[in-house]
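Please keep the sequence and the coordinates in view while reading.

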Amino acid sequence: MPHATPLIATLVAGICLAFVAGLVAHRFRLPPIAGYLLAGVCIGPFTPGFVADQHLANELAEIGVILLMFGVGLHFSLKDLLSVRAIAIPGAIGQIVVATFFGLLLGLAMGWPAGSGFVFGLSLSVASTVVLLRALQERRMVETEKGRIAVGWLIVEDLVMVLTLVLLPPLAGVLGGMAQTADVDPELTRALGIGAVWTAVGVTAVKVSAFIALMLVVGRKVIPLVLHYVAHTGSRELFRLSVLAIALGVAYGSAKLFGVSFALGAFFAGMVLAESQLSQQAARETLPLRDAFAVLFFVSVGMLFDPVNLLERPLAILATVVTIIFIKSAAAYLIVKAFGYPRTIALTIAASLAQIGEFSFILVVLGVGLKLLPPVAQDLVVAGALFSILVNPLLFMAVDRYGARLDAETVEGAEAAPPAEEIAVAEDAPEPTTLTDHAVVVGYGRVGKRIVERLRAAGIPLLVIEERAGVAEALREAGIEAIGEPAGNRGVLAQANIAGARWLVTAIPDAFAAATLIEQARSANGAIAIVARATSQAEADHLRQFGANHIVIAKDELAGAMAEQLLAEDKTYRPRGEADAQGELDLATPLPV
């Protein structure tokens, strides 16, 4: 019998076509995101051929947003979030004001009422969660100062958008649209005597505050307790399921019960779980799903784009893209610099926020439904999102390539007549190590810790690169040179004097990240001896292609250690040919197949 399979068809078409298009984009040295967006255009309703279910694609993309924000929360702590509040709160609000103003001007230039331009500007002011996090994670910057500022900035923007979505329906009449106050309890409004708008503001503030308090007071105890209980069952399947249940359950419950976004709920769920010792394992278990559903997000964005708009509204689209990429970037850059941060951090934040995404779509659809925006506004926002997402990886590449050069020029200029601002930049730039003929150990986890202990006991000079800044600080206090940044960040290997090092040890489990480091180290120092870890022969071959000298495969070493222990315990063992006539077991003889 025939089956209705729109969900399966959407998943299969989206993932398969995204894979092919992403592979082609990579072949032509373009960001894979470009291929994912193109895949969405191909299966969207505006191109011939197969058309995927757009509503299902959007819901699948929402799952990707939830898992991504949950993963970010796992690497964040309340202390990290509060540490950047001084820049994140005024910075996000200031950028929203600037982008909204320019969006208002653009709307007025197109002949729209002021209320329409205001809502249009708001939709251009908020960055995409998925695009930002993918860029930070690819560069392993989530736990750096730049990453913490960007994520904190994003959280503030999400809170502002949650409040906007609540206030827009009752305010629509004032802005020239169709007011809706059905969601506001009329009896509560009469009892408070403050009007529907202020009642909506008060109710939203109470709900958000109640959710945050519940997560920080109750969630910090209950969620880690549940995860630890499941871990003690010894079932990896149940552990993985519990992590997904926590992420999706808290996100959905927070949206339905407290009115906050899925993304914000998932972030707080991950943040309270970050205090558990199992947080790193939880992050690894959700990684494959995060990547898969994040791809579906980009596919869903591509499905919204109608290529005909490029011919019908080229100037309006160009102005929208300029507002998103250049106006927002300039505002973010100037705000970060005004707070005294170095130029590299300002450039990174500017590049991070030069795009729009999921909240922009939600807001513009609501605006069209309330008669605040003409339908063409949705086309402009989608086109702006598409082009800004395509350009965003190129902006990051430009920051990666030219940021160090800009800082170098700043430091050189400071030698002659150093202004106070440039002195701050020079002080912020860490000094390279003076070690030579030393070992550089990347990663201070369970494996890296033991390597460092052995090298230190042998008296070998060493330097550790560990992305967790707190761990790096503890190492320095213990007398071990350490760099508290991801090894993939620009300039970190140079800071570790990889050109003058004798050994490089990559103790990180990610073979792809390790291969990139090995390639960079080999190009900087052709004589360096590189030791890497792998979990399979395929990974070992991959690392060897990029220049690793010695590969340690975990399962092979474990098997060898177990065999040596067995032989050491067996006092009757003799080498081959020396077994006595009574038939002692010769363990050197190959086992029968």
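Ala332 is buried, because its relative accessible area is 0%, where buried means under 20% relative accessible area, exposed means over 50% and partly exposed is in between, computed with a 1.4 Å probe and protein chains only. This residue lies in helix α15, helices here being DSSP runs of H or I with at least four residues and strands being runs of E with at least two, numbered from the N terminus. Ala332 and Leu353 are 21 residues apart in sequence, and their C-alpha atoms are 7.6 Å apart in space.

The model is a predicted one, in which local features need pLDDT of at least 70 and side-chain atom pairs count only at pLDDT 80 or more, whereas totals for chains, interfaces and linings use all residues. Residues are numbered from 1 along each chain as its sequence is written, and side-chain values use heavy atoms, with hydrogens and water left out.

Pro31 belongs to the loop between α1 (6-27) and α2 (32-42), and it counts as buried because its relative accessibility is 14%. Leu30 lies in the loop between α1 and α2 as well, but with 45% relative accessibility Leu30 counts as partly exposed.

Accessible areas come from the Shrake-Rupley method with a 1.4 Å probe, and for residues only the protein chains shown count as cover. Patches are made of residues with over 30% relative accessible area and no salt bridge, like charges being joined within 9 Å and nonpolar side chains (Val, Leu, Ile, Met, Phe, Trp, Tyr) within 5 Å.

A patch of positive charge on the surface gathers Arg284, Arg446, Lys449 and Arg450. Helix α20 (residues 446-457) supplies the largest share of the positive patch, namely 3 residues. Arg450 has its place in helix α20, and it counts as exposed because its relative accessibility is 53%.

How many salt bridges does the structure hold? There are 4 salt bridges in the structure, a salt bridge being a side-chain nitrogen of Lys or Arg within 4 Å of a carboxyl oxygen of Asp or Glu.

| Salt bridge | Closest N and O atoms |
|---|---|
| Glu312 and Arg313 | 3.5 Å |
| Arg313 and Asp379 | 3.9 Å |
| Glu473 and Arg476 | 2.9 Å |

Arg313 forms a salt bridge with Asp379, and this pair links distant parts of the chain, with Arg313 in the loop between α14 (309-312) and α15 (314-338) and Asp379 in helix α18 (residues 376-416), 66 residues apart. Glu312 is exposed, with a relative accessible area of 52%, whereas Arg313 counts as partly exposed at 24% and Asp379 is partly exposed at 25%.

Glu473 and Arg476 are separated by about one helical turn, because they are 3 residues apart in helix α21 (residues 469-477). Glu473 counts as partly exposed at 36% relative accessibility, and Arg476 counts as partly exposed at 37%. Elsewhere, salt bridges that share partners join Glu312, Arg313 and Asp379 into one network.

Turning to the backbone, Lys371 has a phi near 65°, a positive value in a residue other than glycine. Lys371 is placed in the loop between α17 (358-369) and α18, and it counts as exposed at 61% relative accessibility. Asn497, which is not a glycine, likewise has a positive phi, of about 55°, and its place is in the loop between α22 (492-495) and β4 (503-506).

Finally, the structure holds 0 disulfides, a disulfide being a pair of cysteine sulfur atoms within 2.5 Å. Cys16 counts as partly exposed at 43% relative accessibility, and Cys42 is partly exposed with a relative accessible area of 37%.

How values were computed: Lys and Arg count as positive and Asp and Glu as negative; His and the chain ends are not counted. The place of a charge is taken as NZ of Lys, CZ of Arg, CG of Asp or CD of Glu.
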